[in-house]
Amino acid sequence: NENTFFLIAARSYWLRSYIEHSEFCRKAGGLGWHCVERIRVPIMLTALGCSLAAWIFMLGATFGVSYNTYTIKRLSWARVNWRDQRGLVKLTIDIGINMYVYQISGVNVTDDQIRYDPNANVEQSVNWADNDACQVFDYLLEEQSKQELENFCDQCKDTAARTMIFIIMSICLQILQIKKNLQRLTPFGDMNCQKFNGWVGSLASLTSGTISIISWLQGCWTYFPDTIVFLVEDPRSGQQIQTITDPKYGRGCALMTAAVALKLVDCVCHFILQTPAKKRGEIRENISMEEYCLLCDEPTNFGQPVARARAKNALPVVATMGSSLRTDDAKHQAV
């Protein structure tokens, strides 16, 4: 833990005077509550656990950028189903960041006609980068439904690129955040700059993750058509089959949402835990890094305040035991 600080900056007092010993950094280190110091290790282990879990969830959400059909179907960012009341025709679209996978059942397309076929089932993947990515269903739908579905597809295509940028930002920030959680486990390794970077970094990762979700929902989720009409006749009524939408959040979006919630816990943990009081006071000029790290009560023991309190409470007990032993020895010598 003590070796995780950037040693190049740590060895230079001139650099530390700006990034660690400045008045701003020392005041930033004082944010929070002093009483939280007693549970430093549980607090920072909680933050570490949340950071690791959030990183895993973000990686899971990142699989939404895959070009693999199997992966997109299971870790899509959205899934939209269109189905008629009798269940004759069904269109399912699993939407990823770089591609989407669609599956149509009940529609048989031949050279001269489009007809209902209960045994027909077609599945295909389409890359957003393809020029005709949003014209795939034109031959299946009536004019108004075709325009609405194309608009929905165009919005998702434009949103995908922005969403991917924020996903990558969140993952990169999260890797750095795990280091800060380890750094602050002990008062010896805790630094004013690490505290500030800890909660600000969590806030930045949380913000980028939230923006990726909001960007996706506003740019893609809100544009799906409520109904679409297929150029397929119902074998019973002879009318064109109209389907109703059933949208669902994808697992990728759900994983990113869970990661954002965990980042909020991580941010709070860093914010409420102060740095050691001596590191927030006036610092002697040209103090070495080793001496500065030792400006804490008990530099290398976990949970020092608790350990100190236990030792303090144990002193009267030890004194009483010693007094009893001396009394017994005196009685024994008298006999």
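1. Helix α4 passes helix α8 in a left-handed crossing; a crossing has this hand if the near helix is turned anticlockwise from the far one by less than a right angle, and is right-handed if clockwise. This is a predicted model, in which local features need pLDDT of at least 70 and side-chain atom pairs count only at pLDDT 80 or more, while totals for chains, interfaces and linings use all residues. Residues are numbered from 1 along each chain as its sequence is written, and side-chain values use heavy atoms, without hydrogens and water.

2. The axes of α4 and α8 are 8 Å apart and pack at an angle of about 160°. That makes α4 roughly antiparallel to α8 (under 35 degrees is roughly parallel, over 145 roughly antiparallel, 65 to 115 roughly perpendicular, the rest oblique). Axes here are lines fitted to C-alpha atoms, for helices over the stretch in contact, with angles from 0 to 180 degrees between N-to-C directions.

3. Residues of α4 that meet α8 include I43, C50, F57 and A61, and those on the α8 side include L255, L262, K263 and D266. Contact means heavy atoms within 4.5 Å. By class, this contact has 17 nonpolar, five polar and two charged residues. Nonpolar covers Ala, Val, Leu, Ile, Met, Phe, Trp, Tyr, Cys and Pro; charged covers Asp, Glu, Lys and Arg; the others, Gly among them, are polar.

4. Helix α4 (residues 40-62) also packs on helix α6 (residues 143-183), with axes that come within 9 Å and cross at roughly 160°. The two helices are therefore roughly antiparallel to each other, and α4 passes α6 in a left-handed crossing. The contact includes L48, W55 and L59 of α4 and I171, I175 and I178 of α6. It has 13 nonpolar, six polar and no charged residues.

5. The chain has ten helices and six strands. These are DSSP runs numbered from the N terminus, helices being H or I of at least four residues and strands E of at least two. Of the 335 residues, 45% count as buried (under 20% relative accessible area; exposed is over 50%, partly exposed in between, with a 1.4 Å probe and protein chains only). Among contacts between residues at least 6 apart in sequence, 71% join residues at least 24 apart.

6. The count of aromatic pairs is nine. Rings of Phe, Tyr and Trp (its six-membered ring) pair if their centres lie within 6.5 Å, and planes under 30 degrees apart are stacked, over 60 edge-to-face, the rest tilted. F24 and F196 form an edge-to-face pair, 5.4 Å centre to centre with 75° between the planes. F24 lies in helix α3 (residues 23-29) and F196 in helix α7 (residues 192-219), so the pair ties together parts 172 residues apart in sequence. F24 is exposed at 55% relative accessibility, while F196 is partly exposed at 26%. Ring pairs link F24, F196, W199 and F271 into a cluster.

7. Y100 and Y102 are both buried, Y100 with a relative accessible area of 3% and Y102 with 5%.

8. N286 sits in the loop between α8 (251-272) and α9 (289-293). The phi of N286 is near 60°, a positive value in a residue other than glycine. Most residues other than glycine have a negative phi. N286 counts as exposed, at 56% relative accessibility.

9. Q147 is in helix α6 and is partly exposed at 49% relative accessibility.
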